[in-house]
Amino acid sequence: MKFTKSGILKVVIGLSAVVLIGLTVLYFAYNEDKPQGKTGPAAEALAQKMLTAINNDAWQEVNYVQWTFPGAHQYLWDKKRHLVQVKWDDKMVLLDPSAVDGVAHVKEKKLGKEEGDSIVKDAWGYFINDSFWLNAPALVNQPGTVRSIVTAEDGDQQLMVTYTSGGDTPGDSYLWKLDANGRPLSYQMWVNIIPIGGMEFTWEGWKEMPNGAMLSSTHQSAAVTLELTDIKTGDNYTEFGLDADPFAPISR
């Protein structure tokens, strides 16, 4: 079958209309207004209960953590020095997230700063997003966060965390639903990059690390499942099959 230009245009317009209708249906089916929470001691206590449930003290003592995020983003994170090795496709970046700086490689060739700058920024964006999915509960008390209590219709106390600064999209809010012990079951999101407010993702597939830190490997919504794989923590880079410090080129 041979298409004319006008025929192709009609197909494109038709497909666009289908996509628009689908998004509209999703919006009205799932969109929720962000509830208003109440700040104060009760919210701070609930945040602490969640931190205890994931053994945040143990997480803070982890030196190295690796994981793979859907889309084949592979990470080795030196938490103590806050340096990250990010790999995807034929690229590898040694990243200093605090400075949004680093060294980029493509097909094992080191790039100059100007040539590699956009790749380094891509790696920073991936890390900010993908590390949040690795252990967002550990960030509820970081600078720039506001915690509040939301009471659900069934009377359950839920924790709203709003990030007023930092990260890639400041202003985002997350409403955590917790079990009786404070461990996250799911959260609803009101974030800048998603037009549907209140989209919910589960926090499940919990894995206990050797030192007792708890990490969730599976996040499922009505539309997609995010599965984090190859999660491993350790005290030294040698535990990850490396003979030399991978961050030597950027460490100070």
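The legends below describe close-up views of a predicted model. Local features need pLDDT of at least 70 and side-chain atom pairs count only at pLDDT 80 or more, while totals for chains, interfaces and linings use all residues. Residues are numbered from 1 along each chain as its sequence is written, and side-chain values use heavy atoms, with hydrogens and water left out.

**View 1. The largest nonpolar core.** This core holds 52 residues, of which W59, W67, W176 and Y187 touch the most other members. A nonpolar core is a set of buried Ala, Val, Leu, Ile, Met, Phe, Trp, Tyr and Cys residues joined through side-chain atoms within 4.5 Å; buried means under 20% relative accessible area, with a 1.4 Å probe and protein chains only. Helix 4 (residues 113-135) supplies the largest share, 8 residues; helices are DSSP runs of H or I, at least four residues, and strands are E runs of at least two, numbered from the N terminus. A separate core of 10 residues includes L76, V103, Y237 and F247.

**View 2. Surroundings of W67.** Leaving aside residues up to four places away in sequence, W67 has contacts (heavy atoms within 4.5 Å) that include H73, Y75, F127, L134 and I231.

**View 3. V86 in strand 3.** Strand 3 spans residues 83-88 and contains V86. V86 counts as buried because its relative accessibility is 0%. Beyond four places in sequence, V86 touches Q74, Y75, K91, M92, V93, L95 and A123.

**View 4. H105 in strand 5.** H105 belongs to strand 5 (residues 101-106). With a relative accessibility of 15%, H105 counts as buried. Its contacts beyond four places in sequence are D90, K91, M92 and K110.

Technical notes:
Buried < 20%, exposed > 50% of the residue type's maximum accessible area, 1.4 Å probe, protein only.
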